Amino acid sequence: MIVYPLWHVGHQNEAGDDGSTVHVDESGVFCDESDGDDVKLLGIYSTLEQVEERMRQARLLPGFRDEPECFYFDACELDEDHWTEGFVRVPPGE
């Protein structure tokens, strides 16, 4: 099953050349925590249509109106192992 986590990226810095906020740089990085950016999960949706509707609704709210491109989402496969190595089992008493 594919789901779509929807994130809000709150920028604390003006990162663009003209002082505008940059949401995704040329390498695809959408957040730089060292600059004080804040990322919050808004929800997890089962279709792209639901993601788009949630963003449309959110852009009408104070805090999102002034920064309409502050959202990030990507497809994520459920029940997929991402850590396939590096696990170590330590028996009790060792």
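A: Helices (H or I, at least four residues) and strands (E, at least two) are DSSP runs, numbered from the N terminus, and two strands pair if DSSP finds at least two bridges between them. The model is predicted, so that local features need pLDDT of at least 70 and side-chain atom pairs count only at pLDDT 80 or more, while totals for chains, interfaces and linings use all residues. Residues are numbered from 1 along each chain as its sequence is written, and side-chain values use heavy atoms, with hydrogens and water left out.

Strand 1 pairs with strand 4 (residues 76–77) in the antiparallel sense over two bridges, and there I2 stands opposite E77. With strand 2 (residues 38–45) the pairing of strand 1 is also antiparallel, over seven bridges, and W7 has L41 as its bridge partner in strand 2. Strand 3 (residues 71–73) pairs with strand 1 in the antiparallel sense over three bridges, with F73 of strand 3 as the bridge partner of L6.

Seven of the nine residues of strand 1 are buried, where buried means under 20% relative accessible area, exposed over 50% and partly exposed in between (1.4 Å probe, protein chains only). The largest nonpolar core has nine residues, Y4, L6, Y45, V51, M55, A58, F64, C70 and F71; such a core is a set of buried Ala, Val, Leu, Ile, Met, Phe, Trp, Tyr and Cys residues joined through side-chain atoms within 4.5 Å. Strand 1 (2–10) and helix 1 (48–58) are the elements that give two or more residues to this core.
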